[in-house]
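The structure comes first, and the notes follow.

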Amino acid sequence: MSSRQRASICVLVLCGLAVALVWAGWGGPVRATVGLLLVCLLPGLAMLLLFGLDLRPLEAFLYGVAASVAIVVLIGIALGATHIGFSARAWVTALGAIGMILAAATLLTSERAAGVATAKSGWPIFAPVRVDHLLYILGLCIAVLAVAIAHHSAVRHIRRVSLAELWAAKLAGATRSDVQVGVRNTSSNRRSFALILKPEGHSITRTLTLAPNETRVQSFALGVAVSESNVIVELRDLRRGGTASETATLVAAARRAPVPHISAHRKRPTARNRVRARHNLRRAIRHRG
Amino acid sequence: MILSGQEVTPTTPAESVSRRRWTPSYSACYALFTAVALLALALVDDAARIGRPWAGTVFWIDLLAIFLPAAWRICSGACAPEERVRILLILGLGLYVVKILHSPSQFTFHDELVTWRTVHDLGSTNGLFTTNPIVKAFPLYPGIDLATLAVNRVSGLHLFASGLILIGVMRALTILALYQLFRLATDSARVAGIAVLVYIANPNFVFFDAQFSYESFALPLAIVTLAVLARALAESDRRRRHALTAVALITAIAVAPSHHVTSYALTLSLLVWLSALALRRRKDFTLRCAPVALVAAASAFAVIAWLIAVGRSTSEYLSPVLGGASSSTLHLLLGSGSGKAPFQSVGGPTNSTLERIIGFGSVAILLTLLAVGLWRLRRHPPTNALTGMLVLAALLYPLTLALRLTQAGVETSNRASEFVFLGLGVVIGTVLFSALLTKRIHRSAAPLIVAGVLGLLFTGGIVIGQAPSARLPGPSLVEADSRSVEPYDLAAAAWARKHLPPHSRLVADRANALLMAAYGLQNPQVGKVVGLHVASVITSPTFGSSQRQILSQDAIRFIVVDRRLSKSRPVVGYYVDKGEPRAFSYSAPLPFASVTKFAGQFGLSRIYDNGEVSIYEFASPASTVRGPTQARGAK
């Protein structure tokens, strides 16, 4: 069996494995590795094998990856244009089919094709040096460690900021007597807050203690209808010792009552209709308080 | 001939095999050294995030520690061909990791955020040609988006990891293709190595060309096309030549839907190459011309077909950029326009005196070496048409420098460098190789001197191509791209994605608009409405009838207000939109009233607040919205 046939079988097996893993819905590092190979290398490599290009490893990598990426772009355009979509199965089926068909064609034609002389391409090959391999692997591990440290540093920088979010979940319900606000503690520490609702001169205070990254929606059942004009919510960060501190004052203010919408009607506006419209308007204003 | 350098043959394999098994090679030691330097850079980035003043200096030392050993070894005569390729690959990938260390947990650069939004839209709609509220052209060239989706869906990796890996793979392709291209153009592996180092010194290589963006994806494909085609022309076997031409054909066609300017540059390069081949009138002209003609025709056809498919949107995007750059430069040269001082920054850190000297010095050295190289070409013309085509590209370099003298031309000049440096690599690489062979310099000192010159070019390139505020992470700045991606902004964008209707129209400052579009999946609005600047909603000290009219006419429902806008001037020169009235001329930060004017206004309800960033909901008087937005999924 020639190296070309062996390579084609490898391509065939890897393409099939990728298709099987995706269709079965399995994840993990195996799928990640095989999936990356399927997208970035296998279709182009299969094409090179079919052409009978006997290349050095780096040249095969260069042309194989470039051809694969180009094939992915063209396949993607086809998937989008035909409205098949970009699901995992669509991708893996298309790319896997191309890879397997090209590899199978290579296997079929390689028996008949004459041997291709190795052309002098001027590209170097790697000599098998054991110590070098160890150093490369060690270098790769240190580089990965560097990225991990940088990632940890970036995430720690984000978490270092003691951030709290306040938002209006519902400032006025159907009966205008219930108000809901959302609170989230986006920091790495457990924090206590005073949530103060101020509807029309009143003041209702709730104390909340939130774990890191905890979200809570707090409801206030006021018992009486309130207008939308003066619902103010404040969130204050409580320092240790129970002293209220306004280091993080968050305010959500409701808007005033919107202008009532008067629906248009097709009849000509007679005097009677005008009176009726005015009556409706007054009732709407009264109802909204 | 000047472009055919002399090779230094390595030691014979027979006597060195057993020694190489147990003695580490220079490239392996360099790989380990580079990894340790990257580890140190990760610690420097950590220090920079908390504002340590020494981080900037150590950053430069670290970068030079990665670059100079590679440059010295490649310039030295003891470097074997295989070692040269390995060192270049390690250098190229090491510099890519430099960019990853800058933003290791998410994309933060402008183009990356725009691309992120496009990828997300493509994946959710399962169709091509979505709309991007920030840059309309991005979805029209979905090459990188499709490839990223493919990696993400097939491998199951996170989208961020998929994008990083994809661009890393493209970076490896770039290095290998450049080496191949330069080696075939100069017929010398050593000159090719030096030429690749010159290309790495271009202002965009370390950061801009390493970002998750459509140009970073398309450019390697274009370079590979040229390299494969050059390889095909050098091939004597007909079958192999056809096979390599087929590879070049596929990659050339894939460039067209990946990036507009790159596809135009590739087509133009192929046509110039074809013309150069025709002018040489060789006996085997037809044989040599056929692959280039075929790929040029395919590239041109793909470009035209894609332009027809995407409509006029590309010209609507490119015309203001290119037209503005050329017209402002022309006006400056005729004396009727105003220029831009180099290294000028409205706000934020500026280049130190030494950095400015290095920046100017690198340009002066490039121009000098270019002049020397062109002078030598008079006596020794290029040996092949490919070299001639690349030399023509090098001639554009002085023109791109002129564009830097105007505000409108800076971006165009920056973007042009990755094309122009393909030619500069060949010309300057040849000159530097000649310097290595000259007898006027001591043999052992020559590689050190040439490596030093390359190091200067490399440092100067970063000084010119990357603003001081963007080289390292650090404390928050106002409108400073990656330095404005802060926890408050990210939290607001994440909240908007969860609680606001998707694709809602809103107005925000530049940094928050990017995050709202990318991570919040909203549609920020800019430009003019009924003759009024949308930016005035944010920048005006009062909220009056004009602002209400803008919000009503443009159907804007939300306003994102960042209180920090009043603390500093914008680093990029504007707060919201490049066309806002006082863009690039802010003498003071926005008044505090600009960020507090919304409180208590009729029709405005503050529905979100996190201490720095607030979101207001605007109820137009004509709308039937009666209540604030209902929270979805709040727990």
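Are B:Tyr397 and B:Phe421 buried or exposed? Both B:Tyr397 and B:Phe421 are buried. Please keep in mind that this is a predicted model.

**Aromatic pairs**

Over all chains, a search of the whole structure turns up 18 aromatic pairs. One of them joins B:Tyr397 and B:Phe421 in an edge-to-face arrangement, 5.9 Å centre to centre with 85° between the planes. B:Tyr397 belongs to helix α16 of chain B and B:Phe421 to helix α17 of chain B, so this contact ties together parts that are 24 residues apart in sequence.

B:Tyr574 and B:Phe584 also pair: their ring centres are 5.6 Å apart and their planes stand at 75°, so this pair is edge-to-face. B:Tyr574 and B:Phe584 both sit in the loop between β5 (558–562) and α24 (592–596) of chain B, 10 residues apart. B:Tyr574 has 9% relative accessibility and therefore counts as buried, while B:Phe584 is partly exposed, its relative accessible area being 32%.

Ring pairs also build a cluster from B:Phe107, B:Trp116, B:Phe160, B:Phe212 and B:Tyr519. Charges meet rings as well: the charged end of B:Arg171 sits over the ring of B:Phe205, 3.9 Å from its centre, and that of B:Arg378 sits over the ring of B:Trp375 at 4.3 Å.

**Cavities**

There are seven cavities of 30 Å³ or more.

| Space | Nonpolar | Polar | Charged |
|---|---|---|---|
| Largest cavity | seven residues | eight residues | three residues |
| Second largest cavity | nine residues | six residues | one residue |
| Second largest pocket | 28 residues | four residues | one residue |

The largest cavity holds about 240 Å³ of space. Its lining has 18 residues, with B:Arg49, B:Thr108, B:Pro473, B:Ser482 and B:Val485 nearest the centre. Two or more lining residues come from each of α6 of chain A and α20 (487–499) of chain B, and the largest share, three residues, is from α6(A).

Of its 33 lining residues, A:Leu140, A:Ala143, B:Leu89, B:Leu93 and B:Val97 are the closest to the centre. Elements giving two or more residues to this lining include α6 (130–160) of chain A and α4 (81–102) of chain B.

Note on methods
Residues numbered from 1 in each chain as written. Chains lettered and ligands numbered in written order. Predicted model: local features only at pLDDT ≥ 70, side-chain atom pairs only at ≥ 80, totals over all residues. Heavy atoms only, no water. 1 Å grid on protein atoms, 1.4 Å probe; cavity = no way out; pocket = protein on both sides within 12 Å on 5 of 7 lines; lining within 4 Å. Helix = DSSP H or I, 4+ residues; strand = E, 2+ residues; numbered from the N terminus. Nonpolar A, V, L, I, M, F, W, Y, C, P; charged D, E, K, R; others polar. Points joined across faces, edges and corners; volume = space filled by probe spheres on them. Phe/Tyr/Trp six-rings, centres within 6.5 Å; stacked < 30°, edge-to-face > 60°. Buried < 20%, exposed > 50% of the residue type's maximum accessible area, 1.4 Å probe, protein only. Lys NZ or Arg CZ within 6 Å of the ring centre and 35° of its normal.
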